[in-house]
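Biologist: I'm new to this one, could you walk me through it?
Modeller: Gladly, here it is.
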Amino acid sequence: MAGSPRVGRVLSLPAVEPGPGAAFDDLNVGDEFTSPGRTVTEADIVIFAGLSGDYNVLHTDAELMKTSRFGERIAHGLLGLALQQGLLTRAMPAGGDDVSLGLKWKFRGPIKIGDTLHVTARVAGKRDGDAPGWGIVTIERRVLNQRGELVQEGETEQLVRRRATSPP
Amino acid sequence: MTERAAAEAKVYFEDVVLGVPFETPAMTLTETHVALFAGLVGARPADPHAVPAILPLCMSSGLGWRVPQPPLAVLAFMGFEWKFLKPARVGDTIRSVSKGLAKRGLKEGGVLIEERSILNQRGELIEMGKLTLLVARRASPDVPAADGGR
């Protein structure tokens, strides 16, 4: 988003859809990305509870949670994980067919209704995949709230297609 | 703890028996699951029948509430390591198997390492990993008290 707008140009925000053709070759160790923000709503938590079937009182009983040390309902940890994944796809180039291999994740603090999250990510490693034409990218991710507090962090590994051997 | 909270039976740290596997009921992954998840997360896969890798993981939490024992008294989901071994497709029917691997008592509760596997209708292992959970002791004064969820 660097550079100043020029007269006559249409201003636009970064595309929501991942850019076409992003590949293993386009990512370099040390590359950093910052996602847009997203405010976590009550609706997000209700939908996630319904979808996952996780109705833990932590996420669903507003009255009981008033008596907890959080004072209110908090988001499911895995909702935070899911939201950061969506946020980062809006900031980081990715192929349409990346394959998730695994992740290591820490939940550092609560996410409350009304909190606005964003993700910072860094390419931490690149190596060959087992299959020719693919590479493995390790990405460190940090999920921060509106006060800059770290709420979740971890690293993910994904298979990304190489440009050199991609079909045209 | 309120009377309402006390009314919900829980498995506390002391009650966890290591090595005993619990298998959940199964659930068929539908286009609706994928569309709801895509809308919630804000990332829509190009192939509408491709199941996002973390969706089965998210659903295994709720499936874990449907085993023949009360839910764990989880104070905090501290972290986890996870492997995605095979992709899931719309129409696949997944179930999850969990067991306690290790536990370590702390002052206010205890840390439980849970191994969880997700299998499809052919019995193929599609995802697995280890979850680190902070679980309340029976005497804990303020359940619920912390982060996470299962």
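Modeller: We can go through one of the chains, the contact between the two, and the confidence.

Biologist: Before anything else, what kind of model is this?
Modeller: This is a predicted model, so please read what follows with that in mind.

Biologist: How many helices and strands are there in chain B?
Modeller: Chain B has three helices and six strands, and along the sequence they come in the pattern α-β-β-α-α-β-β-β-β. Of the 150 residues in chain B, 39% are buried. Among the contacts in chain B with a separation of 6 or more, 75% are between residues 24 or more positions apart.

Biologist: And how many residues of chain B are in contact with chain A?
Modeller: In chain B, 36 residues are in contact with 36 residues of chain A. The elements of chain B that give two or more residues to this side are α1 (3-7), α2 (31-41), α3 (54-63) and β3 (74-84).

Biologist: Which of those gives the most?
Modeller: That is β3(B), with nine residues. The residues on the side of chain B that touches chain A comprise 22 nonpolar, eight polar and six charged ones.

Biologist: In which sense do β3(B) and strand β3 of chain A pair, parallel or antiparallel?
Modeller: Strand β3 of chain A, residues 99-107, pairs with β3(B) in the antiparallel sense, over five bridges. As one detail of that pairing, A:Leu103 has B:Trp82 as its bridge partner in β3(B).

Biologist: Switching to α2(B), which residues are buried there?
Modeller: The buried residues of α2(B) are B:His33, B:Val34, B:Phe37 and B:Val41. Looking down the helix axis, these buried residues fall within an arc of 95°, so they line one face of α2(B).

Biologist: Why would residues a few places apart end up on one side?
Modeller: An α-helix has 3.6 residues a turn, so residues three or four places apart point the same way.

Biologist: What covers that buried side, and what is on the face turned away?
Modeller: The cover over the buried residues of α2(B) includes α1 (42-52) and α4 (77-89) of chain A, together with α3 of chain B. On the face turned away from the buried side, α2(B) carries the exposed residues B:Glu31, B:Thr32 and B:Gly39. After α2(B) comes B:Gly42, which has a positive phi, near 90°.

Biologist: Last topic, how confident is the predictor about chain A?
Modeller: Chain A has a mean pLDDT of 87, with 83% of its residues at 70 or more. However, pLDDT stays under 50 over residues 1-6 of chain A, and also over residues 12-20 of chain A, for which the model has nine contacts beyond four places in sequence.

Key. Residues are numbered from 1 along each chain as its sequence is written. Chains are lettered from A and ligands numbered from 1 in the order in which they are written. This is a predicted model: local features need pLDDT of at least 70, side-chain atom pairs count only at pLDDT 80 or more; totals for chains, interfaces and linings use all residues. Two residues are in contact if their C-beta atoms, placed from the backbone, lie within 7 Å. Helices (H or I, at least four residues) and strands (E, at least two) are DSSP runs, numbered from the N terminus. Ala, Val, Leu, Ile, Met, Phe, Trp, Tyr, Cys and Pro count as nonpolar, Asp, Glu, Lys and Arg as charged, and the others, Gly among them, as polar. Two strands pair if DSSP finds at least two bridges between them. A residue is buried if 20 or more other C-beta atoms lie within 10 Å of its own, exposed if 12 or fewer, and partly exposed in between; C-beta atoms are placed from the backbone. The arc is that of the directions from the helix axis to the C-beta atoms. pLDDT is the predictor's confidence in each residue, from 0 to 100.
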